[in-house]
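Here's a walk through a protein model, taken one piece at a time. Keep the viewer open and follow along.

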Amino acid sequence: GEEVAFFFDWLAYQTRSLLWPAALSILSLAAPLFLSEQRVIAVRDAFSVLMVGWVAFLTATYDQTMTTRNIEWGMLGYSDKGMIRSNYDGRLRGSLRETIIRLLHWLLVFVFVGQTIYAAGQIAAFRHEALQHREDNTQLPFGFTISNNMAASIALYAVTANIKIMNALWDFMSPRITEYENWRTDQLMKNNEVTKTFLVKCVVYYYPFYYLAFVRGVVEDIEPEKCLKELRKNLMVFIIVHILTVVANILVQIARTWWAEYQMRHKAKDRVASGEVEYTYVQAQAIRPEYAGDTDDYMELSIMLGFISMFSVVFPFASFLVLISNMIETRVLAFRMCRVVRRPMPRGQEGIGAWITVMRLLTYLSCITSVALLIFELKPMRREGEETKLATFIGAEHLMLLIVFLVGKAVSPKSVGAERIMELNDIAEARILGADSKPVRAPEGQLMCLKRGAELLTPEKAIS
């Protein structure tokens, strides 16, 4: 169905678009080997601005491509015409029960956000304390003891571990609550779930890195260079762990599917004396796990896109790593759809739904983050006074937002070809349906009927 098709269309479009940022990231990484420090800073600043502009251009151009796909696949306006969900109950619409469930879901959003902020602060404080007293040991529950050097190393990965744990808990709880929120159509339910999920995961994924970039140096009185060095390490660890996690999850699903199919074949052979039996496609589909939807896959792509647009100024190599990640995910996810999970129920979908709005939000967030890193954390601006830095930040941030806004407006949401197609469709629709509104004039004293054979029917006979 179009739901699956749009995901792979967006994944392929983003992967192709990442080719030149990945190439530029390698050049930016190699710049210190050939250029002076001042020119390296200029290259770094230019690359960060280009990445923000690239994300804005990517979002705008795919919005145009998405409109063309909607026309080609017959999905234009589908979000307003979606089928009513089978478990939708119109009697509960606007009821107290429906309101309470939806409010509880939003309350859960704030609980997850608060936990992430608190955990990131505690982990950073623990690691700082361990590094300050390297010669001491750390007492763990159940009588275990480890050195503070090892404790600091473990804390480096604890941020990523907390992200994965909170991510798994939200993925388990949120969809189940959404099912009870009584949304009328699948598209409405999906868009509302995406909004809440993005707010949670935006904080869950990004806050630990924001803490390292902007908060830790002030709270713990640590030199900015040390914070940035740890930020780069955490970014690399997270991206590599993400790639390994995606591949590992697919390998586990492949192993489970293979084992289930092997057991079925083995049982079938035992029942037939001749030996070989046919293993049908329907049997294979029946034992495979159900397709869980594309929300998690979209979220992973969006989060990684945010990392390379917001933190490329301190870790430009992230673009190359995300390109490799996307190339691996394209093949692995395609194999999962064809050989691992059950064939999904075909569903129509108008574009990528709420995810295009998420991309726009990430673009504006990237403007603020990149400018803040350049001015408050990186040389040479961080040496300036606070008033100078604040004034420069406000001016540069507004300038970047203006550039992103102009890029979005410069690219029309509809291509010229798509506009012509829609204009021709409107003309054809008016001609086809226009006959229904033409008046029918009947001669006086006669009763005209469109039914064949009723041409000679007179008013007297019709009344009788």
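Let's start where two helices touch. On the H1 side, Phe6, Phe7, Trp10, Leu11 and Gln14 meet a set from H9 made up of Asp297, Tyr298, Leu301 and Leu305. Sort the residues of this H1 and H9 contact by class and you get seven nonpolar, one polar and one charged. Keep in mind that you're looking at a predicted model.

How do the two helices sit against each other? In general, a packed pair of helices is described by the angle between the axes and the distance between them. Here, H1 covers residues 2–17 and H9 covers residues 295–310, and their axes come within 11 Å, crossing at roughly 20°. That angle makes H1 roughly parallel to H9, because anything under 35 degrees counts as roughly parallel. As for handedness, the crossing of H1 past H9 is left-handed.

Now zoom out for a moment. The protein has 14 helices and two strands. It runs to 464 residues, and 41% of them are buried. If you take the contacts with a separation of 6 or more, 81% of them join residues 24 or more positions apart.

Next, have a look at H3, residues 37–72. Just after H3 you'll find Gly74, which has a positive phi of about 70°.

Two single residues are worth a stop as well. Tyr157 sits in helix H5, which takes in residues 148–179. Is Tyr157 buried, exposed or partly exposed? Its relative accessibility is 47%, so Tyr157 counts as partly exposed, because that class lies between the 20% and 50% cut-offs. Tyr157 also pairs up in space with a residue from elsewhere in the chain: Lys233 is 76 residues away in sequence, while the C-alpha atoms of the two are 9.9 Å apart.

The other stop is Glu377, found in helix H11 (residues 355–377). With a relative accessible area of 11%, Glu377 is buried, since the cut-off for buried is under 20%. So what does Glu377 touch? Leaving aside residues up to four places away in sequence, Glu377 is in contact with Ala213, Phe214, Pro224, Leu228, Ala372 and Arg382.

Technical notes: Residues numbered from 1 in each chain as written. Predicted model: local features only at pLDDT ≥ 70, side-chain atom pairs only at ≥ 80, totals over all residues. Heavy atoms only, no water. Helix = DSSP H or I, 4+ residues; strand = E, 2+ residues; numbered from the N terminus. Buried < 20%, exposed > 50% of the residue type's maximum accessible area, 1.4 Å probe, protein only. Axes fitted to C-alpha atoms, helices over the stretch in contact; angles between N-to-C directions. Parallel < 35°, antiparallel > 145°, perpendicular 65-115°, else oblique. Left-handed = near helix turned anticlockwise from the far one by under 90°. Contact = heavy atoms within 4.5 Å. Nonpolar A, V, L, I, M, F, W, Y, C, P; charged D, E, K, R; others polar.
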